[in-house]
Amino acid sequence: MNRRRIALAGVMALTTGLTLAGCSSSDDKPELKVTGAFMPQPVSDMAAGFLVVKNSGGASDRLTSVTSSLSDDVTIHETKNQTMRMVTSFDVPAGGELDLERGGNHIMFMKLKQQPKQGDKVSVQLHFEKADPIKVDLPVMETTHNPKKQ
């Protein structure tokens, strides 16, 4: 009787362990992909960057910073009630997306080291709380470019 309980306990422990192992798949990680990136050609020593971070994974993440050789002062900003302010991070929800777009949340480049022109590409690196950094080239578009209106 005692051996039977030990064997049963062992089978249950093994089954529980396998069940839990099946739960911790890659779905429990953020799976990030960047699309729609661009920078309108700047008209001063400041510029903005726009893109979409899609998360097809089962865990959320946070965009915590952006770096670029174009500027030593790159920040992320939210726009609420037509007021822009710097923030420390943006959520990238599981199964959702972070949309950095004109008139909304965006990347801000201050004190540009050079003036990118239409047709150039500006390299940036997006830094996240969980996922590895993602390098993205922002094509420089005409100053008035807005893909949402096309």
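Histidine 77 has a relative accessibility of 9%, so it counts as buried, since buried means under 20%. The structure it belongs to is a predicted model. Histidine 77 lies in strand E4. Which residues does histidine 77 contact, leaving aside its neighbours within four places in sequence? They are Met84, Arg85, Met86, Phe90, Asn105, His106 and Met108.

The protein chain contains one helix and ten strands. Read from the N terminus, the order of the elements is α-β-β-β-β-β-β-β-β-β-β. Of the 150 residues in the chain, 35% are buried.

Strand E4 covers residues 73-80, and strand E5 covers residues 83-87. How do E4 and E5 pair, in the parallel or the antiparallel sense? They pair in the antiparallel sense, over five bridges.

E4 and E5 form a hairpin with two residues between the strands. Asparagine 81 is found in this loop. Its phi is near 50 degrees, which is a positive value in a residue other than glycine. This is worth noting because most residues other than glycine have a negative phi. Is asparagine 81 buried or exposed? With a relative accessibility of 77%, asparagine 81 counts as exposed, because the cut-off for exposed is over 50%.

Lysine 111 is not a glycine, yet it has a positive phi of about 50 degrees. It lies in the loop between strand E8 (106-110) and strand E9 (121-128). Its relative accessibility is 61%, so lysine 111 counts as exposed.

The largest nonpolar core has 28 residues. Which of its residues touch the most other members? They are Leu63, Ile107, Phe109, Leu126, Phe128 and Leu138. Isoleucine 107 can be followed in detail. Not counting residues up to four places away in sequence, it touches Ala47, Ala48, Gly49, Leu51, Val66, Val74, Thr75, Ile76, Leu100 and Leu126.

Serine 68 is a buried residue with a polar side chain contact. It lies in strand E3, which runs over residues 61-68. At 13% relative accessibility, serine 68 counts as buried. Where does its side chain reach? It reaches the backbone oxygen of serine 123, at 2.9 Å. Serine 68 also touches Val74, Phe109, Val122 and Val124, along with Ser123, when residues up to four places away in sequence are not counted. Phe109 is one of the core residues that touch the most other members.

Aromatic rings come next. Two numbers describe a pair of aromatic rings: the distance of the centres and the angle of the planes. Phenylalanine 38 lies in strand E1 (residues 32-40) and phenylalanine 50 in strand E2 (residues 47-55), so the pair ties together parts that are twelve residues apart in sequence. Phenylalanine 38 counts as buried at 6% relative accessibility. Phenylalanine 50 is buried too, with a relative accessible area of 6%.

Phenylalanine 50 leads on to glutamate 101, which touches Phe50 and Lys148, not counting residues up to four places away in sequence. Glutamate 101 is found in the loop between strand E7 (97-100) and E8. At 28% relative accessibility, it counts as partly exposed. How far apart are glutamate 101 and glycine 36 in sequence and in space? They are separated by 65 residues in sequence and by 9.6 Å in space, C-alpha to C-alpha.

Technical notes:
Residues are numbered from 1 along each chain as its sequence is written. This is a predicted model: local features need pLDDT of at least 70, side-chain atom pairs count only at pLDDT 80 or more; totals for chains, interfaces and linings use all residues. Side-chain values use heavy atoms; hydrogens and water are left out. Helices (H or I, at least four residues) and strands (E, at least two) are DSSP runs, numbered from the N terminus. Buried means under 20% relative accessible area, exposed over 50%, partly exposed in between (1.4 Å probe, protein chains only). A nonpolar core is a set of buried Ala, Val, Leu, Ile, Met, Phe, Trp, Tyr and Cys residues joined through side-chain atoms within 4.5 Å. Contact means heavy atoms within 4.5 Å. A polar contact is a pair of N or O atoms within 3.5 Å; within protein, one must be able to donate a hydrogen and the other to accept it, and residues adjacent in sequence count only if both atoms are side-chain atoms. Two strands pair if DSSP finds at least two bridges between them.
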